[in-house]
Amino acid sequence: MTHEVKNSLTPIRLTMEEIAARQSGPGGEFFEQAAQIVVDEVVSLERRVRAFSEFSSEPPVSPKPLDINSLLEERIAFLKTAHPEVIYSTRLAPGRPRVYADEDLVKGVLTNLLENAAQAVKAGGVVLGVTAADNGKVAIEVHDSGPGLNQQASATLFEPTISFKRGGMGLGLSIARKSALLAGGDILLVPGELGGAAFRVLLPSS
């Protein structure tokens, strides 16, 4: 539950920090968009907390068509502010492929993978987001230029309570994979293009 709350609090905090930084200058359009982002994230957080408290289980899944290119770009835009030392790039599928999945679950998965990637690279390192559509599935990949994963880490990657990060809870990837499964897809470890780790999220096409 703590991890899920954190996934929504991260973009809320980053957006509010940006609002505070721009308060003294022009930018009415930005403030309007930023306020809507905060409202949307808080509503998402409230839904998840309410569902957990009422049912002590995963919240109900509400799939709908989602523009996965836009969703990936939105998550990267949030995290850029927190990691100015990281170089972000994207390679997006043409035709704006759409997935049929729960928006909150997909946002949580992407936030988790992008945050992990940013933490894995050094200053000047690269995080690459890729989308592709094939055979009724849409793939979203996150690659990083970090040190990669050793054999032990790869073997226990999705097991809860096992963490190789200082201060880590060891829940992030296990929750992300469960969210992907609930959304009708999965997460796989794949060969990285940048020398580090890489993950592929598979989701059903809309």
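Mentor: Let's start with a term: a nonpolar core is a set of buried Ala, Val, Leu, Ile, Met, Phe, Trp, Tyr and Cys residues joined through side-chain atoms within 4.5 Å. Buried means under 20% relative accessible area, exposed over 50%, and partly exposed in between (1.4 Å probe, protein chains only). The model here is predicted, so local features need pLDDT of at least 70 and side-chain atom pairs count only at pLDDT 80 or more, while totals for chains, interfaces and linings use all residues. Residues are numbered from 1 along each chain as its sequence is written, and side-chain values use heavy atoms, with hydrogens and water left out.

Trainee: Which element gives the most residues to the largest nonpolar core?

Mentor: That core has 35 residues, and Ile-68, Val-106 and Leu-203 have the most contacts inside it. Elements giving two or more residues include helix H3 (68–82), helix H4 (103–120) and strand E7 (198–204); helices (H or I, at least four residues) and strands (E, at least two) are DSSP runs, numbered from the N terminus. With eight residues, the top contributor is H4.

Trainee: Is Ser-179 buried or exposed?

Mentor: Ser-179 sits in helix H6. Beyond four places in sequence, Ser-179 is in contact (heavy atoms within 4.5 Å) with Leu-105 and Val-109. Because its relative accessibility is 4%, Ser-179 counts as buried.

Trainee: With which side chain does the side chain of Asp-186 make a polar contact?

Mentor: Asp-186 belongs to strand E6 (residues 186–189) and is buried, with a relative accessible area of 16%. A polar contact is a pair of N or O atoms within 3.5 Å; within protein, one must be able to donate a hydrogen and the other to accept it, and residues adjacent in sequence count only if both atoms are side-chain atoms. Not counting residues up to four places away in sequence, Asp-186 touches several residues, among them Ala-180, Leu-181 and Arg-200. The polar contact, at 2.9 Å, is with Arg-177.

Trainee: What is the phi of Arg-96?

Mentor: Most residues other than glycine have a negative phi. Arg-96 lies in the loop between strand E2 (87–91) and E3, and is partly exposed, with a relative accessible area of 41%. Although Arg-96 is not a glycine, its phi is positive, at about 45°.

Trainee: Is Asn-135 buried or exposed?

Mentor: Asn-135 is found in the loop between strand E4 (126–134) and E5. Its phi is positive, near 50°, in a residue other than glycine. Because its relative accessibility is 73%, Asn-135 counts as exposed.
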